[in-house]
Amino acid sequence: MPDRPARPPHRGPRQRSRTAPGQRTRRAEPTRFAAYTLLRAVADGAYANLEMPRMIRQRRLEPRDAAFATELAFGTIRWQGLYDAVIAVAADRPVDRIDPEVLDVLRLGVHQLLGMRVPPHAAADQTVGLARTVVGQGASGLVNAVLRRVGERDLEGWTEAVAPEGGGAAALAVRHSHPEWVVSALRAALLGHGRATPETVDAELAALLAADNEPPRVHVVARPGLATVDELLHDADAERSATSPIGAVLRSGDPGRIAAVRDGRAAVQDEGSQHLALALAAVDVPDGLPARWLDLCAGPGGKAGVLGALALRAGAALTAVEVSPHRADLVRSSLAALSQKASAAGHPVDVRTADGRELGAEEPGAYARVLVDAPCTGLGALRRRPEARWRRQPSDLATLGPLQRALLASALDAVAPGGVVAYATCSPHVAETRFVVSDVLKRRDDVEVLDARPFLRDASGAPLADLGDGPHVQLWPHVHGTDAMFLALLRRRP
Ligand SMILES: C[S@@+](CC[C@H](N)C(=O)[O-])C[C@H]1O[C@@H](n2cnc3c(N)ncnc32)[C@H](O)[C@@H]1O
C-alpha cells in the first residue's frame, strides 16, 4: 500500500454539493492563495522552509490557517512527482504542456483531493476559485474538468494506475514521489553504509522514502550554558527529546514564540545536528592544545551555536568561517547571545567571511577541534526541505566533490596534532561521505580514524542505538528520527 501524506484535520469551507464548482467560489480563499503564492515563489528559486514563515507573518494567518496552508503547500511540493503523473493522465497531456501557473493550481487541488481530508466538493470549489483569481476565467474550465477526473479514484487507485510495474527505482520514484536518481542514490547509500544488505535493502529503502514524505516535528535545542531543556518545556508545548540530551520536541505552536529562541539562547535544530556538535566536543584531546575551536562552514550558524556554547564551557574560543557574506551575517545574528557571553568571559567569538579552503594554509595547527559541515546535496534532509529533491541534480555532485575534499584537507591542516576534525554532511550519498573521507586520507599519513559511535549519546546518557559497524556514523530518518546526517571523526596524530 502506498504511504499517504499526513492528514491534518479538515479545515475548509462547508460542503455545498448542488451547484457546479465552477459557478460557486468567485475569489481565492486566503490559505489556498498563500499556498499557491509559495509554490510560485519556490518555482522562482525560494526555499519553502524560509519563505513560508515569512508569508504567514506578512498575511497574519491564524495558527490553524497557517498549519493548513503549510501542509497544503509543503505536501503538494513533496508529492509533486506522483501528482504530475496523475495530472498527465487526467488532463490527457504531458504536464510540460500545461502552463506552470495552472499546473501549480492543479497540484494544489490534487493534494487536497488525494492527500488531505478536504471533501471533494470543497477541494474542487476552492481550487477553481483560486484558478479564476490567479490565472483567469479561461483556465477554470480545465481545472474543473481535471479535478473531476482525479476525484474518480483515491490515492491508492491513482498510484496503482500511474506507477510503473515492479519494485525498481522507476516504480518507487513515482510511488514515493522522488526523482529516480535520488531513489538509486539512497539505495546505494543504505548498502554502502552497511545499513542494508541486498536482501533487506528494498524494505529499508521503502521505509526511508516514506520517512522523507512525513512532515517532521519541530526540534529545538537548548544551547548549553545559555538555556536549559527545562526552560523550553516550561515555555512551550513541548516534550523532552528522547535522543538528544540538549533537545526538546514541540507538540504544537510556533517556536518563534519561545523566549529563549527569540533571544538566541535556543534554536530550531534537528536532533542529528545536535548530536554532531556534541560528539565533536566529547572527544578527549591532549592537554596543551590551543584553546580555539573552529567551524569551517558555519552558515547559517546552527551547529556553531551549540559548538560555541560547548567551547565556552571548556574555556575555548570559537572561530566561525562562512564564504557567503549573507550567510556569515546569519551566523553573526545566530551567535549574538553567545558572543556577548563569550566576550564577557574573555573568549570572543570570531565570525569571518572567508573561504574555508584557505584557512588550513593560513593558520596551520591552530585549533583543537574543527567541524567541517560541508556543503552537500542535502539528500538527508528532504523531509525538511520539500523542494530540494526536485531542485538537486546528479551533476551537483561533480561540483561539490572537489569542494568537500578541499575543505576537509584544509580542516586537517588547521587542527593541531592530537586535535580532532569532524567531517559531516546532511546527505548519506556515498560520494559525499565515505568516498570523501577515504580519498582525503589516502593522501595523508598523519590522520587516525576514530570510532565515532561512542560519542553519540541519548538523553539518558546511553550510547545511541542502531549505529551499525562504525567507525563512521550514518543517521537515518526512518531509524533514528533525525535527518540523515553523516559523521566521521578524525584525529591528527600527535
Ligand atoms: C551544510 S551548510 C552548513 C550548515 C551549518 N553548519 C549549520 O549547522 O547551520 C554548508 C555551508 O558552507 C558554506 N560554504 C560553501 N563553500 C564554502 C567555503 N569554501 N568556505 C566556507 N564555507 C563554505 C555554504 O555557504 C553553507 O553555508
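1. Let's start with Asp-373, which sits in strand 8 (residues 367–373); strands here are DSSP runs of E with at least two residues, helices are runs of H or I with at least four, and both are numbered from the N terminus. Asp-373 is buried, because 25 other C-beta atoms lie within 10 Å. The scale runs from buried (20 or more other C-beta atoms within 10 Å of the residue's own) through partly exposed to exposed (12 or fewer), with C-beta atoms placed from the backbone. Setting aside residues up to four places away in sequence, Asp-373 touches Cys-297, Lys-303 and Ala-424; contact means that C-beta atoms, placed from the backbone, lie within 7 Å.

2. A word on the model before going further. It is predicted, so please keep in mind that local features need pLDDT of at least 70 and side-chain atom pairs count only at pLDDT 80 or more, while totals for chains, interfaces and linings use all residues. Residues are numbered from 1 along each chain as its sequence is written.

3. Now to the ligand. Of the 19 residues around it, Asp-373 is one of those that come nearest, together with Cys-297, Gly-299, Gly-302 and Gly-356; a residue counts as near if its C-beta atom, placed from the backbone, lies within 6 Å. At least two shell residues come from each of helix 15 (302–313), strand 6 (317–322) and helix 18 (356–362).

4. By residue type, the shell holds seven nonpolar, six polar and six charged residues. Here Ala, Val, Leu, Ile, Met, Phe, Trp, Tyr, Cys and Pro count as nonpolar, Asp, Glu, Lys and Arg as charged, and the others, including Gly, as polar.

5. The unreviewed UniProt entry lists a "binding site" whose residues include Cys-297, Pro-300, Lys-303, Glu-322 and Asp-373. Such annotations may be inferred rather than shown by experiment.

6. Pro-300 deserves a look too: it lies in the loop between strand 5 (292–295) and helix 15. Pro-300 counts as partly exposed because it has 19 C-beta neighbours inside 10 Å. Beyond its neighbours within four places in sequence, Pro-300 is in contact with Arg-327, Leu-330, Val-331 and Ser-334.

7. Finally, the domains. The assignment, which is automatic or from a database, gives domain 1 (21–156), domain 2 (163–212) and domain 3 (271–492). The contact between domain 2 and domain 3 takes 16 residues from each. On the domain 2 side, helix 10 (180–192) and helix 11 (201–212) give two or more residues, and helix 10 gives the most, with seven. That side divides into ten nonpolar, four polar and two charged residues.

Definitions and conventions. Two residues are in contact if their C-beta atoms, placed from the backbone, lie within 7 Å.
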